[in-house]
Amino acid sequence: MLFRSQALGKKLGIPVKIVDSEGSSQKEISKIQAILAQGDKTNIVFVNTVASSDVPPIINSCKQANAYCTIWWNKPDNYEPWDQGDNFVAFQKHGGVDSGQCTAKTLADGIGSGGIIALGGVQDSTTSQTRIAGLQAELKNHPDAKLLEVRPANWDPQLAFQETQAMIAKYGDQIKGIWAADDGMIIGAKEAVDKSPLKGKVKFTSDGLYPPVIDIMKSADNPIVGETFHRGYMASAIGLYTAYLAATGQIKPSELPHEKRDSLFKISCVTPQNLAEFTKYDDDIDGWVDQLIKNGPWSTEPVPLVAGGPEVLPAS
């Protein structure tokens, strides 16, 4: 997600330092705190948090260093930027409920009837929680599609492989579809299916449209019937640019409306039929960054601001 954020830094003439959390909250927090403690004028911070509970210690460190921080994807719902001061510039994400509903519908339509198994991310992740809530809500509209089980796989392809193998052993040919909260897990799940008697008999949907998934969707025997479009380089550039505008005095966070500080950005449903409408953006990332700088973080297609958060979960 983060490595292409350097494209924005190049355009703005500022260095971008990448911190790899390695999927660990402890490593994420300690590495960020170590950089901020160096006092090397690092005052713009963007974080794709591993878990919601990571946010308060990261924001506290930003306050102490007078750094301007934007968080993407996960935070506690009751921890709002406007309660923390201008150093917590904004929280931003794509709607998880919309994602879950989109991919649930394409999967239910794709299988017609039968059982579905699902893989969630880290349990302390509001992104995973909202995507699962969207899945469950949408499947109420498809009574012939039955959700057999949801298991956390921590965004980890290998764990997704193991959990899928276990559910294949448990449910066998009841499984007609597999849903995952992100593409890393769907890649692991597909590998497990391909090594089982269910190979060629299962449909998949997921979130993220990663390059390996694009390749699968372009193949003649594609089993992936639905995806969502959002891009790590778009999220990281939007987040960094928002913090940059605050750090350079071009915006004052406390004067922004709440929807620009707790923000939901557009997410689009993707099928094999409309795939090319979205993958075209990957061919001109520099051009997209130019549009971001021109239009601002809240008005750039194909991911403009669409609503304020926090997300409202569907009624159970």
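A: **Helix H9 and its packing**

Gly249, which has a positive phi near 80°, follows helix H9. The model is a predicted one, in which local features need pLDDT of at least 70 and side-chain atom pairs count only at pLDDT 80 or more, while totals for chains, interfaces and linings use all residues. Residues are numbered from 1 along each chain as its sequence is written, and side-chain values use heavy atoms, with hydrogens and water left out.

H9 covers residues 232–247. Helices here are DSSP runs of H or I with at least four residues, strands are runs of E with at least two, and both are numbered from the N terminus. From its first C-alpha to its last, the 16 residues of H9 reach 22 Å, close to the 22 Å expected at 1.5 Å a residue; the expected span is 1.5 Å times one less than the number of residues. H9 is mostly covered, with 14 of its 16 residues buried. Buried means under 20% relative accessible area, exposed over 50%, and partly exposed in between, with a 1.4 Å probe and protein chains only.

H9 packs with helix H11 (residues 285–295) at an angle of about 30°, and their axes are 11 Å apart. H9 is therefore roughly parallel to H11, since angles under 35 degrees count as roughly parallel, over 145 as roughly antiparallel, 65 to 115 as roughly perpendicular and the rest as oblique. The axes are lines fitted to C-alpha atoms, for helices over the stretch in contact, and angles run from 0 to 180 degrees between N-to-C directions.

On the H9 side, Tyr233, Met234, Ala237, Ile238 and Tyr241 meet Ile285, Trp288, Leu292 and Ile293 of H11. Contact means heavy atoms within 4.5 Å. The residues of this contact of H9 with H11 are nine nonpolar, no polar and no charged. Ala, Val, Leu, Ile, Met, Phe, Trp, Tyr, Cys and Pro count as nonpolar, Asp, Glu, Lys and Arg as charged, and the others, Gly among them, as polar.
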